[in-house]
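Subject: Structure handover and what I found

Hello,

Here is the structure for you to open. Please keep it on screen while you read the notes below.

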Amino acid sequence: MKDKVDLLDKFEKIASNRDQLTAVGRDPTSIVIERIISPTEAIIDGKQTILVGTNNYLGLTFDPECVAAGQAALAEAGTGTTGSRMANGSYQPHLALERELADFYGVAHAMVFSTGYAANLGTLAALANNGDVVVLDADAHASLYDGCRMSGASVYRFRHNDMGSLEKRLQRLADKAGRTLIVVEGLYSVLGDRAPLREIAALKSEFGAHLLVDEAHSLGVYGAHGRGVCEELGVMDEVDFVVGTFSKSLGATGGFCASRHDVLPLFRYASRPYIFTASGNPSVIATTRAALRQLAKRPDLRQKLRHNAERLYRGLEGMGLRLGADVSPVIAVRFEHSADAARTWERLLEAGIYTNLFVPPATPDGSSLLRCSVSAAHSDEQIDTILERFSEIIEPMRSQAVRG
Ligand SMILES: Cc1ncc(COP(=O)(O)O)c(C=O)c1O
C-alpha cells in the first residue's frame, strides 16, 4: 500500500495552530521593531513604545563602553570568524572571555558557545549519554529539553520546584544516582520564580547525583557579584555546572558553561553544538567582555533593577492581577483564557507598551500570560506609565481577567 501522507501535510496542523493564535487579533510573532531608540524604547507601528519584554535586565545594549568595545573589535578583527573554533582556530578574545567567566564564577573552567541555546544543547549532549539519567524540572526551557533529547540519556521530569517530586525521582533511580544529572533553572524564564537551590543541592548531595543550573535569566540579576541565584542562595560550591547566555543581562549573543570539574575542557571534543558551528563574532565577544566588566563595576544596576521589579510587581498586584509567586524582573500576568491575554497584549501595544504574549503550548502549565521583563534602564516614570496603561486596559475587562 502506498503511503498517502505527504511530507508537507504536517503544515496543515501548524497553520491551524497559527490561525488559533491570530483568531483573536494580531499575530504576536509579526512584531517589527522599526527603530530601536534605547534599551527601553522603540518605534513599533510608527509609534514610540515602552519596551517591557526584552530580557535587557541591566539595560547594557546601549552602554557606551560596550558599544565602543564592539566597534573597536569590528574594526580590528572584522565582521566574523567564518568558521568553528575546532576547524578554524580560536581568536584570542574567545579564550580571554573563557578565563574571565571562570574567574567570575570562581571555578577552574569555562567554555563559550555561539548561543545560549547551543550552550545547553552542547553541555547536555557532552555530559549525559546513553545509560545516564537526566532529572529535569518540568518548567525547564526548551533548550534544556532539546539538550536532553540530543544527549540520548533517559529523561525524567519532576514537578516544578516540588522537592517531594524530585526526591521521589531520585529514590527510584537507586544505584543509577551517580550517573544522574539534575537540571534546573536559577530564575524561571516564564513565571519568574526561583528554584529552591539549597534544597535541590541537599538532595543532590544525599543521593550522590550532579547538578546543572541554567542562570540565563539570573546572571547579573542575583547575588552579591551578580553570579545568579546560586550565589544569592550560597550554593555556588555545590553546583557542578552553571550554564547561561550572553543574550539577556549582557546584551549580546552567545552562551557558556562554567565548572570546577576538570572534564569541562574535554567537552570541546565531544560537544557537536560546539564543534559544528561558527564561533562568536569578535565584536560580540568584545561587547560581552565589556558587559561582564560593567556587571562588576556597576552594582547600582542590580539595585535599580530590584527597585523597578518591586515597583512594577506591587503596582500590578495592587490591581488584583494574578502574578507569578516571586517578585523578580520576570513578571508574569496570568489570564484564565488565552483570548483575554491576547486582547490585553494587543491593547497594551496599541497604547505604546510592548510585553510578551505567552499562550499554550509555550507556557509551562498551560496557562496564558503576558510576560513583563523589567530593566534597570526603566525610569520610575516609565514603570508608572506601564502601570497606568495596564489599569486603563484591565479595568474594562475586569470580569474576564483572573483575580489574585
Ligand atoms: C532559560 C533559558 N536558557 C537558555 C536560553 C537560550 O539562550 P539564547 O536565546 O541566548 O540562545 C534561553 C532563552 O530564552 C532561556 O530562557
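Which residues of helix 7 (residues 163-173) are buried? They are Met163, Ser165, Leu166, Leu170 and Leu173. Buried means under 20% relative accessible area, exposed means over 50%, and partly exposed is in between (1.4 Å probe, protein chains only). Helices (H or I, at least four residues) and strands (E, at least two) are DSSP runs, numbered from the N terminus.

Two notes before you go on. This is a predicted model, in which local features need pLDDT of at least 70 and side-chain atom pairs count only at pLDDT 80 or more, while totals for chains, interfaces and linings use all residues. Residues are numbered from 1 along each chain as its sequence is written, and side-chain values use heavy atoms, with hydrogens and water left out.

Around helix 7

What do the buried residues of helix 7 pack against? Their partners are strand 5 (133-137), strand 6 (154-158), strand 7 (180-185) and helix 8 (197-207). Contact here means heavy atoms within 4.5 Å.

Now look at the two ends. Aspartate 162 caps the N-terminal end of helix 7. One of its side-chain oxygens lies 3.0 Å from the backbone nitrogen of glycine 164. That is a polar contact: a pair of N or O atoms within 3.5 Å. Within protein, one atom must be able to donate a hydrogen and the other to accept it, and residues adjacent in sequence count only if both atoms are side-chain atoms.

Asparagine 161 is in the loop between strand 6 and helix 7. Its phi is positive, about 55°, although it is not a glycine. Just after helix 7, alanine 174 also has a positive phi, of about 50°. Most residues other than glycine have a negative phi. Alanine 174 belongs to the loop between helix 7 and strand 7. It counts as exposed because its relative accessible area is 54%.

Threonine 180 lies in strand 7. Is threonine 180 buried or exposed? It is buried, because its relative accessible area is 1%. Threonine 180 touches Val133, Val135, Leu170, Leu173, Ala209 and His210, leaving aside residues up to four places away in sequence. A polar atom of its side chain is 2.8 Å from the backbone oxygen of lysine 176.

The ligand

How many residues surround the ligand? There are 14, and the closest are Tyr117, Asp214, His217, Thr245 and Ser247. A residue is counted as near if one of its heavy atoms lies within 4 Å of the molecule. Helix 5 (residues 116-127) gives the most to this shell, with 3 residues. By type, the shell has 2 nonpolar, 9 polar and 3 charged residues. Ala, Val, Leu, Ile, Met, Phe, Trp, Tyr, Cys and Pro count as nonpolar, Asp, Glu, Lys and Arg as charged, and the others, Gly among them, as polar.

Check these distances to oxygen atoms of the ligand:

- Histidine 217: 2.7 Å, from a polar side-chain atom.
- Glycine 116: 3.1 Å, from a backbone N or O atom.
- Histidine 141: 3.3 Å, from a side-chain N or O atom.

The protein covers 82% of the 390 Å² of accessible area that the ligand has on its own. Accessible areas come from the Shrake-Rupley method with a 1.4 Å probe; for residues, only the protein chains shown count as cover.

Glycine 352 lies in the loop between helix 13 (338-350) and strand 13 (353-354). It counts as buried because its relative accessibility is 6%.

Serine 283 is in helix 11 (residues 282-297). It is buried, at 16% relative accessibility. Serine 283 touches Gly70, Ala73 and Leu74.

Alanine 377 is in the loop between strand 15 (368-373) and helix 14 (380-394). It is partly exposed, with a relative accessible area of 34%. Alanine 377 touches Pro39, Thr40, Gly59 and Gln382. Alanine 377 and alanine 73 are 304 residues apart in sequence and 25 Å apart in space, C-alpha to C-alpha.

Best wishes
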